[in-house]
Each structure stands twice: as C-alpha cells, then as structure tokens.
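Work through the exercises below with the model open. Each task is followed by a worked solution.

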Amino acid sequence: MTALGFEWTVALRFLREGRMQTALIIGGAGIGVAVIFFITAVLTGVQSDLIRRVTGAQPHIIIKPPEETVAPLVTGDSDQPRLAAIQARPQRLTTIDGWPALARSAEATPGVLAVAPVASGAALGIKGDASRAIVLVGTELDRYLRVVRLDDKIKSGVLHLEPGDVLVGIELAKDLGAVLGDRFRIQSAQGGSDVFRIRALLDLGSKDLNRRYVYIDLRAAQSLLGIPGKITNLDVSVRELMSADIVAGRLRVQSGQLIESWIQNNNFIFTAISNQNIMTLLIKVFITIVVALGIASVLVVSVVQKRKEIGILRAVGATRRQMQSVFLLQGLVVGVCGALLGSGLGFLLIIIFSRVLRNAEGQALFSLDFDYSLVGIVVASAAVLGLLSAVLPARNAARLDPAQAIRG
Amino acid sequence: MASVGTSLIRLAGLRKTYNEGLPNAEEVLHGVDLEMQPGEFTALIGPSGSGKSTLLNALGLLETATGGSYRLGGQDVTKFSDNERTLARHDQLGFIFQFHHLLPAFSALENVMLPALMRPQGITEKIMRERAGGLLDAVGLQDAHHKKPQELSGGMQQRVAIARALVLAPQLVLADEPTGNLDTQTSDSIFALLRQFNRERGTALLIVTHDQRLAAQCDRIIELVDGRIASDHPNAVAGAGA
C-alpha cells in the first residue's frame with residue numbers, strides 16, 4: 001500500500017484483482033482508440049494529398065473585377081418586340097480599380113491569411129522554333145509566397161524575381177528546351193514582348209500546371225499586358241482551407257467584385273471531402289459510444305461482484321463519496337490506459353500501412369510526422385470518457401446499502 | 001450532551017420496520033430499551049428471527065430505526081445523515097462479522113490498515129503500519145502480515161478481522177456471531193482474545209451468539225425474543241471467574 005490515499009489504493013487494487021476483465025476492457029478501449037487514430041491519420045493524409053493536387057498553385061480565393069455584361073436594350077411589356085437573343089460580350093482584360101485599398105480591406109477580413117496583387121493574362125513563351133501558350137502571373141513575390149507556397153515547389157534554382165526573371169514549371173522548360181539560367185521570350189496577347197531569364201524550375205503538382213504557369217515580377221507583367229500600375233486580380237489565402245467559401249462570402253459583400261473560391265471551382269472535391277468527414281465523424285462517434293458502454297458495463301458488473309467488499313468498506317467507515325470515487329477512478333484509469341495502448345497500436349498501424357498504401361506517384365499516402373498533440377488530445381478525452389462511463393456504476397456503488405450487502 | 005451521563009449506549013423504544021408503508025411491512029423490533037456502559041462485555045442471545053442482527057445493525061448505525069431514539073456516547077444519532085452515520089461508525093465503532101469479511105485483494109496487514117487509511121487524520125502511513133502490525137502480533141499472526149485472506153484459515157481470518165475492528169481503538173465493538181463458523185477450540189481462542197482486549201483496553205463488546213457456553217462467559221446476558229428484550233441480567237459467574 002502506498003501513499004496514494006484510500007480511493008486510489010482501492011481502485012487500483014480492484015482493477016488488479018479483476019485482471020482478466022481489466023485487460024479485456026483496456027484492450028477493447030485500445031482497439032477503439034487505435035481505429036480512431038488510424039482513420040484520422042489516413043484521412044488527413046489522403047485529403048491533404050488530394051487538396052494539394054487540386055489546389056496546387058492556385059490561390060484559395062481570387063478577387064476579380066466583375067464580368068462585363070450586355071444589358072438588354074428592351075425590357076418590360078410583353079407587347080413590345082424583344083430581342084430574340086443576347087450575345088455574351090467577349091471578356092477583355094479588365095482591371096481592378098483602387099486595388100491597394102481593396103487589398104487592405106481584404107487583408108482585414110476575418111479568416112484571411114494573406115493577399116497578393118496579380119497581373120495575369122494569356123501569353124506565348126517562345127524559344128527558337130518552339131512556342132507555347134502560357135498563363136502569365138505577375139506578382140510581388142514576397143506577398144505572393146504567403147498566398148501560394150511556391151517555396152516548397154522548387155525543383156531547382158532560387159526563388160527570386162527581379163524584373164527580367166521568370167519562374168517556370170518543369171514541363172514548360174522541357175517543351176521549350178530550356179534549362180535553369182536560359183533566357184526565352186514572352187509575348188503577351190496584347191502585343192508586349194520581352195526576354196526573361198529562368199531563375200527557378202517549379203513542380204506545381206500536375207503536368208498541366210507545370211506546362212502553363214509562368215511567374216514574373218508584377219511591373220514586368222503590367223508592362224507586357226499593357227496595364228501599367230493596374231492589376232487583374234487579387235489572390236487570397238485563408239487560414240482554414242475548408243472555410244474558403246465562408247470567407248469568400250464575406251469578401252463578396254465587402255468588395256462588390258467577383259469572388260471565386262477554390263471550393264466553388266472544385267465543388268465535387270469539396271463535397272466528397274465533406275461527406276467523407278461526416279462519415280468518419282459518425283464512425284468515431286459510434287466507436288466512442290461503444291467504448292464508453294464497454295467501460296460502463298464492465299464496471300457495472302464489477303460493482304455487483306464486489307458488493308460484499310463495498311459493504312464491508314462502507315461498514316468500517318468509507319463514505320458514499322469515497323466509494324463513488326473508487327469506481328470513477330477505475331473508469332479514469334481504464335480510459336487513460338486504453339488511450340495509451342490505442343495510440344501505440346494506432347501508430348503501429350500507421351507505420352505498417354504507410355508502407356503499403358501509396359498514392360499515384362508511389363509516395364506514402366500519409367506522412368508519419370502528423371500532429372503529435374493528437375495523442376495528448378486522445379488521452380485527455382479518453383480520461384473524460386472513462387470518468388463519464390463510470391458515473392452510473394459509481395452511483396450504484398455509492399448507493400449500496402451496507403447492511404444488505406454484508407448480509408448476502 | 002454531558003447531562004445524559006456516561007452511558008455508552010442508550011436506546012429508548014427503538015423500533016424497526018422493514019418495507020415500511022408496503023403491504024409486506026414487518027416490524028422486527030417492537031420498542032427496545034437498552035443501556036450499555038463503557039467497557040461492558042455483553043452477550044446478545046435469542047432464537048433465530050428474534051431480531052438480534054437487526055438490533056446489532058441498528059446499534060452499528062448500519063440501519064436506521066423507524067421509531068424511538070438512540071444515543072451513542074451521549075450523542076443523539078437517531079436523525080443522523082448517512083454521512084454522519086458513516087463517520088460515527090468509523091470513529092466510534094468496530095465490527096466483527098460471522099464470515100470475517102476481509103477484502104481478498106489486500107494482505108492481512110493492509111486489511112487492518114484500511115479503516116485508518118480512509119481518514120488518516122494526520123496519522124502517517126508508517127504509524128498506521130506499525131499500529132496494524134502490532135495488533136496482528138497481538139492476535140497471534142506475527143508471521144502472516146503479508147498473507148492474503150485466502151491463504152489463512154478461518155480462525156486466522158477472524159483474528160485479522162478482530163485486529164481491523166480494534167485498529168482505531170473504538171469504544172464499542174459489535175460482533176455478529178464471531179465464532180459462528182469455527183470449531184470449538186478455535187471459537188474458544190477467538191473468544192478469549194475478545195475477552196483479553198476487553199480487559200486490557202476497556203473496549204466494550206456486544207456479542208451476538210447462539211453458543212450458550214460462550215454467552216455464559218460474558219458479564220451480562222441480554223435475551224431477545226420476538227423483537228423484545230425478554231431478559232437482561234448480569235452474569236455474576238463470569239464476572240467473578242475467569
């Protein structure tokens with residue numbers, strides 16, 4: 001007997017006495033926790049892989065000027081002759097008026113992480129006989145890096161954009177027959193043209209993006225596109241990827257500009273991920289309930305088995321509260337031990353399956369360096385769960401009439 | 001409280017009805033008056049179903065009476081809450097049951113220490129251990145401190161239970177057929193032990209027993225019949241002898 005005090009001493013001794021029961025329920029709780037652990041890790045891995053692939057080099061939200069529309073000439077009465085068809089207007093390169101103020105107000109919007117001005121348009125990349133259609137993205141690199149993480153997409157070279165520098169995708173470089181340090185000509189649809197030197201090769205996540213995207217300095221892009229001092233869009237990153245739509249809504253109300261979020265542009269993925277999350281949440285909730293019921297039922301049985309002992313303890317002076325604590329503590333211990341065991345098991349599963357499950361490129365589907373605070377959260381919630389599961393059995397123990405319990 | 005005098009126990013018209021208010025209600029104690037002084041060594045006898053155990057449980061604050069009053073150590077405990085009764089059991093009473101009732105998960109020494117561990121009241125674990133060990137030595141279990149109950153014989157288990165009942169030096173020990181399932185020789189030694197503690201420490205004992213031979217060795221014999229005290233007289237033989 002140690003200096004743990006009466007409640008802890010008896011609780012631990014009861015658990016040790018019911019060795020088999022204790023082992024089984026800790027094992028059960030452990031398996032539950034391991035499954036929760038494992039599906040969380042796998043799903044986080046799979047989803048972030050998917051999102052990375054889809055969003056790639058795209059900003060979470062793009063602020064564009066409103067589309068130019070053709071207003072019908074005649075409206076109203078049905079008597080009046082009407083135009084049979086309205087032809088949509090070809091969209092010119094439009095710019096955002098007063099963008100610095102708009103960028104500031106966007107930056108101040110809740111949920112927004114960073115905003116970068118972009119002058120973007122269609123262009124041709126020309127080197128020798130080769131010419132390729134490209135998407136020109138002119139920006140201030142320092143600000144842009146906070147919107148799109150180009151720094152982890154570098155294959156070779158350095159992230160640096162002076163006027164005259166260009167960052168290109170690896171496929172485009174291949175198509176143009178260019179290597180790091182080579183120069184090639186960029187000619188915009190508006191007629192501007194200049195020669196740029198490749199400072200870095202990027203892997204933007206898919207061949208299509210790697211073939212088309214080209215990053216240059218904002219001023220250089222403005223002069224190529226013939227819109228000096230102006231920008232075509234503001235690119236925005238949000239703190240919470242899955243809430244991009246909500247942030248987009250706020251921006252829409254504020255700015256009066258056209259707002260596109262990555263969710264809108266990739267709705268099917270967002271829906272798929274949301275459904276997946278709901279399903280796994282359901283699975284987790286049910287596992288939690290099953291574990292809680294398991295702990296509760298073992299403790300209920302234990303109270304019945306230990307009727308006589310509880311009676312003796314009560315007779316020789318243990319209070320109701322003390323008996324209640326004895327069983328609450330057993331729930332707590334079972335919960336925490338189950339969580340620790342489950343975390344270990346879950347880890348093992350993750351290590352094993354990370355060798356088996358691979359994505360299309362043969363990389364592990366989920367990384368092993370996931371959030372270790374998950375263990376802390378799981379153990380803390382398991383402790384609470386164990387305590388809650390023990391409430392009913394503990395009350396039974398506390399209510400036991402000692403005279404009756406001793407009698408038989 | 002002091003005005004009540006030095007009586008250890010004073011029952012006045014104590015009644016106990018089981019299933020009160022229900023069709024199967026049954027009154028087991030029909031108004032018991034009883035007084036016990038500190039240090040008394042008393043036998044409670046009577047046929048089965050006479051209410052001996054119920055009276056003992058009521059005295060031990062394990063059951064509440066449905067009528068009458070009960071003063072323990074000068075204090076009116078009739079209307080005590082469950083918590084107050086528990087604390088009074090812990091501080092003032094000791095229990096010895098027929099089937100010894102030790103906790104199988106704890107060693108003999110730990111079983112004796114448990115009451116002290118529940119409310120240490122400033123006593124260190126070392127002192128608890130010494131006190132419990134001393135009592136086990138006194139009941140003749142020098143070599144069994146660390147044995148589990150199931151490793152001990154019935155008589156030895158009952159000795160552990162006696163040590164546990166005495167560990168907090170109660171004024172009164174209530175014993176419900178403490179020798180009920182022991183052979184004659186073991187019964188005698190257990191009984192002698194209780195007598196010894198009564199003499200040495202002045203602990204009052206109320207012993208429920210079927211055994212006329214043992215009852216005859218007590219200082220006072222109370223006979224309960226059908227929930228009433230049928231006879232209550234000092235036993236001069238025992239007082240003078242032994």
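A residue is buried if 20 or more other C-beta atoms lie within 10 Å of its own, exposed if 12 or fewer, and partly exposed in between, with C-beta atoms placed from the backbone. This is a predicted model: local features need pLDDT of at least 70, side-chain atom pairs count only at pLDDT 80 or more, and totals for chains, interfaces and linings use all residues. Residues are numbered from 1 along each chain as its sequence is written, while chains are lettered from A and ligands numbered from 1 in the order in which they are written.

**Exercise 1. Overall form of chain A**

Task: Compare the radius of gyration of chain A with that of a compact globule of 408 residues.

Solution. 
- Step 1. The rule puts a compact globule of 408 residues near 22 Å, but chain A has 32 Å.
- Step 2. Check the extents. The C-alpha trace spans about 100 × 65 × 35 Å along the principal axes of chain A.
- Step 3. Of the 408 residues of chain A, 39% count as buried.
- Step 4. Count contacts (C-beta atoms, placed from the backbone, within 7 Å). Among contacts in chain A with a separation of 6 or more, 81% come from residues 24 or more positions apart.
- Step 5. List the elements. Helices (H or I, at least four residues) and strands (E, at least two) are DSSP runs, numbered from the N terminus. Chain A has 15 helices and 10 strands.

**Exercise 2. A helix pair**

Task: Find how helix 10 and helix 14 of chain A pack.

Solution. 
- Step 1. Helix 10 (residues 267-305) and helix 14 (residues 391-399) of chain A pack at about 10 degrees, with axes 8 Å apart.
- Step 2. Classify. Helix 10 of chain A is therefore roughly parallel to helix 14 of chain A (under 35 degrees; over 145 is roughly antiparallel, 65 to 115 roughly perpendicular, the rest oblique).
- Step 3. Name the contacts. Ala296(A), Leu299(A), Val300(A) and Val303(A) of helix 10 meet Leu392(A), Pro393(A), Asn396(A) and Ala397(A) of helix 14.
- Step 4. Sort by class. Ala, Val, Leu, Ile, Met, Phe, Trp, Tyr, Cys and Pro count as nonpolar, Asp, Glu, Lys and Arg as charged, and the others, Gly among them, as polar. The contact of helix 10 with helix 14 of chain A has seven nonpolar, one polar and no charged residues.

**Exercise 3. Where the chains touch**

Task: Which helix of chain A gives the most to the side that touches chain B?

Solution. 
- Step 1. Count both sides. 21 residues of chain A are in contact with 22 residues of chain B.
- Step 2. List the suppliers. Helix 1 (6-17), helix 11 (307-315), helix 12 (320-356) and helix 15 (402-407) of chain A each supply at least two residues.
- Step 3. Helix 1 of chain A gives the most, with six residues.
- Step 4. The side of chain A that touches chain B divides into 11 nonpolar, four polar and six charged residues.
- Step 5. Look at helix 11 of chain A. Seven of its nine residues are buried, including Glu309(A) and Arg314(A).
- Step 6. Find the cover. It includes helix 12, helix 14 and helix 15 of chain A, with helix 2 (82-92) and strand 6 (93-96) of chain B.
- Step 7. Gly317(A) follows helix 11 of chain A and has a positive phi, near 120 degrees.

**Exercise 4. Sheets and strands**

Task: Trace the strand order of the open sheet of six strands in chain B.

Solution. 
- Step 1. Two strands pair if DSSP finds at least two bridges between them.
- Step 2. The order is 6-7-8-3-9-10, with mixed pairing.
- Step 3. Strand 6 and strand 10 (228-234) of chain B each have a single partner strand, so one side of each lacks a neighbour in the sheet.
- Step 4. The twist averages 15 degrees from one strand to the next.
- Step 5. Strand 9 (residues 220-225) and strand 10 of chain B pair antiparallel over six bridges. Ile221(B) has His233(B) as its bridge partner in strand 10 of chain B.

Methods: Axes fitted to C-alpha atoms, helices over the stretch in contact; angles between N-to-C directions. Contact = placed C-beta atoms within 7 Å. Rg over C-alpha atoms; globule rule 2.2 N^0.38 Å.
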